[in-house]
Structure formats: structure tokens, C-alpha cells
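Biologist: Before I use any terms for this model, I would like to hear what stands behind each of them. Please show it first.

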Amino acid sequence: MFMLGLGISGSMTAMYSIPVTCYPTQLRSLGLGCCIGIGRTGAIIAPVATGYLVGGGADTSRVLMLVALPSVVVALVMLTSVTRAFYINFYLS
């Protein structure tokens, strides 16, 4: 649970800094706003989905594995974004 919380908190913090480096100046606020909106949508859907899973009889380990899956996907997308932004900034400047 500690590692899951750490990963989620880390991804939320990085979510606000990555769009600033990935988008051109004219699109930064739009990119950041979209990221915040997606995060808020996930914050609404996650407890509802967890409630349905627990109400449907899913055991704790299965619920935690399903909760960890989006975090892994987000981490991979963020790693790809940071790598791409570094490549663009390093080689094109």
C-alpha cells in the first residue's frame, strides 16, 4: 500500500510538470488543463469502480492489482513523454 501511494503521489506531482516541458508555449495551459481534467476524472471513477468490485465480491488482492494497473500504465506513458521531451530538447536545440 505504501508503494502504491508513493507511485500515485509521484505521478500526480509529475503530471503537473511534464506538460510544461512537452508542449509549446502557446499550448501549455491547454495541455496542463487536459492533464488535470483526466486526473480528476480518474479520481471520480476510481472509488466508484472499487465500490462495484468490492460489492461484486472481489477479494482485496484482486482489487489492489486492478488499482495498480493504471498506475503502471501512467508510469510508462510518463517515462515515454519525458524521454521524448529530452530527445527533442537535447537534439533540436
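**Terms and values**

Modeller: The protein chain has an average pLDDT of 79, and 86% of the residues score at least 70; pLDDT is the predictor's confidence in each residue, from 0 to 100. The model is predicted, so local features need pLDDT of at least 70 and side-chain atom pairs count only at pLDDT 80 or more, while totals for chains, interfaces and linings use all residues. Residues are numbered from 1 along each chain as its sequence is written, and side-chain values use heavy atoms, with hydrogens and water left out.

Biologist: What span does α2 have, and what is expected?

Modeller: The expected span is 1.5 Å times one less than the number of residues. α2 has 28 residues and reaches 41 Å from its first C-alpha to its last, close to the expected 40 Å.

Biologist: Why is threonine 41 called partly exposed?

Modeller: Buried means under 20% relative accessible area and exposed over 50%, with partly exposed in between (1.4 Å probe, protein chains only). Threonine 41 has 42%, so it is partly exposed. Threonine 41 lies in helix α2, where Gly31, Cys35 and Gly39 are buried. Of the 93 residues of the protein chain, 13% count as buried.

Biologist: What makes a space a pocket and not a cavity?

Modeller: On a 1 Å grid over the protein atoms alone, a cavity is a set of points where a 1.4 Å probe fits but cannot get out; a pocket is an open set with protein on both sides within 12 Å along at least five of seven lines. Grid points are joined across faces, edges and corners, and the volume is the space filled by probe spheres set on the points. The largest pocket holds about 1,000 Å³. Of its 32 lining residues, those closest to its centre are Ile38, Gly39, Gly42, Pro70 and Val74; a lining residue has an atom within 4 Å of a point.

Biologist: Which helix gives the most to that lining?

Modeller: α2, with 14 residues.

How values were computed: Helix = DSSP H or I, 4+ residues; strand = E, 2+ residues; numbered from the N terminus.
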